[in-house]
Amino acid sequence: MLSRAIMQYLVAVYGRPAFDHLYPEADHQRRATIDRLLQFDLGTLNRAILDYFDPVIHRGSAPDEAKANVLKQSLDYLDRFLEESGGEFVVGHRLSLADLALLATVSRLEAFNYRTESYQRLHTWKTRLQQTLPYYQECNAEGMAMFKEMLEQKKH
């Protein structure tokens, strides 16, 4: 997964003005919301996924209900944030770095066969981005296939 700090740097240095919507220089409120969601992605959602799945995959432990609840709460929060954003993306009506980072994180759940359909807005957002971003398959398909294969090998 591409580091959030690297994404911020690349847009700041090479993305102006054509990709300013990804991480706007002058719109401080939008930028702060993007920063907040990048931190949520790293510190809350990604952490919840790792905490829940790591013991199950690497140690063969039974799923922990408390960790499952933390993951569900994180996904609930993201679903609610999508509702509150009032647009097609996590920060309104334009694609942002937060969308890209969160999409990569949420897409990993597919490798674990974790269903997101019950999070209606989240599932709609994820599916739409996966189908419409021209680079999604190129950037994710091979890595996801390798990850799924690794998980299958661990089962046997």
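This is a predicted model: local features need pLDDT of at least 70, side-chain atom pairs count only at pLDDT 80 or more; totals for chains, interfaces and linings use all residues.
A helix axis is a line fitted to C-alpha atoms, here over the stretch in contact, and the angle between two axes runs from 0 to 180 degrees between their N-to-C directions.

Helix α2 covers residues 28–58 and helix α3 covers residues 65–85; their axes come within 9 Å and cross at roughly 155°. Angles over 145 degrees count as roughly antiparallel, so α2 is roughly antiparallel to α3. The crossing of these two helices is left-handed. On the α2 side, the contact is made by T33, R36, L37, F40, T44, L45, A48, I49, D51, Y52, F53 and P55. Helix α3 contributes K67, A68, V70, L71, S74, L75, Y77, L78 and F81. Sorted by class, the contact of α2 with α3 has 15 nonpolar, 3 polar and 3 charged residues.

Leaving aside residues up to four places away in sequence, S74 touches F40, T44, L45 and A48. R47 is found in helix α2, and its relative accessibility of 42% makes it partly exposed. R47 and V70 are 23 residues apart in sequence, and their C-alpha atoms are 9.6 Å apart in space.

Helix α4 (residues 97–111) packs against helix α5 (residues 120–132) at an angle of about 100°, with the axes 10 Å apart. Since angles of 65 to 115 degrees count as roughly perpendicular, α4 is roughly perpendicular to α5. Their contact involves D99, L102, L103, V106, S107 and E110 of α4, together with L122, W125, K126, L129 and Q130 of α5. These residues divide into 6 nonpolar, 2 polar and 3 charged.

Most residues other than glycine have a negative phi. In N113, however, phi is near 55°, a positive value in a residue other than glycine. N113 counts as exposed because its relative accessibility is 58%, and the exposed class begins over 50%.

Technical notes
Residues are numbered from 1 along each chain as its sequence is written. Side-chain values use heavy atoms; hydrogens and water are left out. Helices (H or I, at least four residues) and strands (E, at least two) are DSSP runs, numbered from the N terminus. Angles under 35 degrees count as roughly parallel, over 145 as roughly antiparallel, 65 to 115 as roughly perpendicular and the rest as oblique. A crossing is left-handed if the near helix is turned anticlockwise from the far one by less than a right angle, and right-handed if clockwise. Contact means heavy atoms within 4.5 Å. Ala, Val, Leu, Ile, Met, Phe, Trp, Tyr, Cys and Pro count as nonpolar, Asp, Glu, Lys and Arg as charged, and the others, Gly among them, as polar. Buried means under 20% relative accessible area, exposed over 50%, partly exposed in between (1.4 Å probe, protein chains only).
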